[in-house]
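Welcome! Here is a short tour of a protein model, written for someone meeting its fold for the first time. Keep the picture open as you read.

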Amino acid sequence: MKTKFIKGTNKKYSIREDGVVFSNYYFNNNGDKVKRKYPLKSRKDKDRIVVQINYGKEKGSKCTKALVKKYFGFFHCKKCNKKTKDNDNNIQYFFCSKCTKEKRRLNSAKFKRNNPEKIKLSRNKYRKDLKDGYISTVLRCTTQDLTPEIIDAKKNHLKLHRELKKQKIK
Ligand SMILES: [Zn+2]
């Protein structure tokens, strides 16, 4: 397994790709540098595994998962534990793309459930604005399929129907 030095710690600490952090040396009572490699004890802090780093820029309690992500460019998904590369802007913190999608879907369903008024308002505005996106939804095609002529014709068509409905003609 690969190990990398943690930057700014004067090579005192290193991180292994499985998330184990090592101390590589210490100073004894005479102030002599003693080389001895040993793994730091980790502990749970809420839902994170952290280690205590006592030296340099990274001083403080550090999440081992975040260190692996920083030094090796991957992490294991919080939910399904799948190994995931950290190069997708579309994923949420420590979630793989599949679990991100699922989380977004659930969040949006929850939002809709908790905010029926807002949803109604935005739906009404969407209908009223007659933007290209709405026209393509009504016509069941993509916006790329639409030409200015189609958009105009459908807009007028919709406006006519709405007006007829308002005047109770139809
Ligand atoms: Zn996942």
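**A quick look around**

In the hairpin of β5 and β6, 2 residues sit between the strands, and Lys-46 has a positive phi near 55°. Please keep in mind that this is a predicted model. From that hairpin we can move on to the sheets, the helix and the core.

**The hairpin and its sheet**

- Strand β5 (residues 42-45) pairs with strand β6 (residues 48-53) in the antiparallel sense, with 4 bridges between them.
- Together, 3 strands make an open antiparallel sheet in the order β5-β6-β7.
- Its edge strands are β5 and β7 (60-63), each of which pairs on one side only.
- Ignoring direction, neighbouring strands of this sheet are turned by 45° against each other on average.

**The sheet of four strands**

- In another open sheet, 4 strands follow the order β1-β2-β3-β4 with antiparallel pairing.
- β1 (3-5) and β4 (33-39) stand at the edges with a single partner strand each, so one side of each has no neighbour in the sheet.
- From one strand to the next, the twist averages 25°.
- Inside the sheet, β2 (residues 13-16) and β3 (residues 21-27) run antiparallel and are joined by 3 bridges.
- Tyr-13 finds its bridge partner, Ser-23, in β3.

**The helix across both sheets**

- Helix α1 (residues 64-72) lies across β1, β2 and β3, and runs at about 85° to β2.
- α1 also lies across β5, β6 and β7, at about 70° to β7.

**The nonpolar core**

- In soluble globular proteins, nonpolar side chains tend to be buried together.
- The largest nonpolar core in this model has 14 residues, and Ile-15, Val-21 and Leu-67 have the most contacts inside it.
- β2, β6 and α1 each supply at least two residues of this core, and the largest share, 3 residues, comes from β6.
- Which residues does Val-21 touch, not counting those up to four places away in sequence? They are Tyr-13, Ile-15, Pro-39, Leu-40, Val-51, Thr-64 and Leu-67.

**The chain as a whole**

- The domain assignment gives domain 1 (3-72) and domain 2 (115-166).
- The C-alpha centres of domain 1 and domain 2 are 58 Å apart.

Methods
Residues are numbered from 1 along each chain as its sequence is written. This is a predicted model: local features need pLDDT of at least 70, side-chain atom pairs count only at pLDDT 80 or more; totals for chains, interfaces and linings use all residues. Two strands pair if DSSP finds at least two bridges between them. Axes are lines fitted to C-alpha atoms, for helices over the stretch in contact, and angles run from 0 to 180 degrees between N-to-C directions. Two residues are in contact if their C-beta atoms, placed from the backbone, lie within 7 Å. Domain bounds come from an automatic or database domain assignment. A nonpolar core is a set of buried Ala, Val, Leu, Ile, Met, Phe, Trp, Tyr and Cys residues joined through C-beta atoms within 7 Å. A residue is buried if 20 or more other C-beta atoms lie within 10 Å of its own, exposed if 12 or fewer, and partly exposed in between; C-beta atoms are placed from the backbone.
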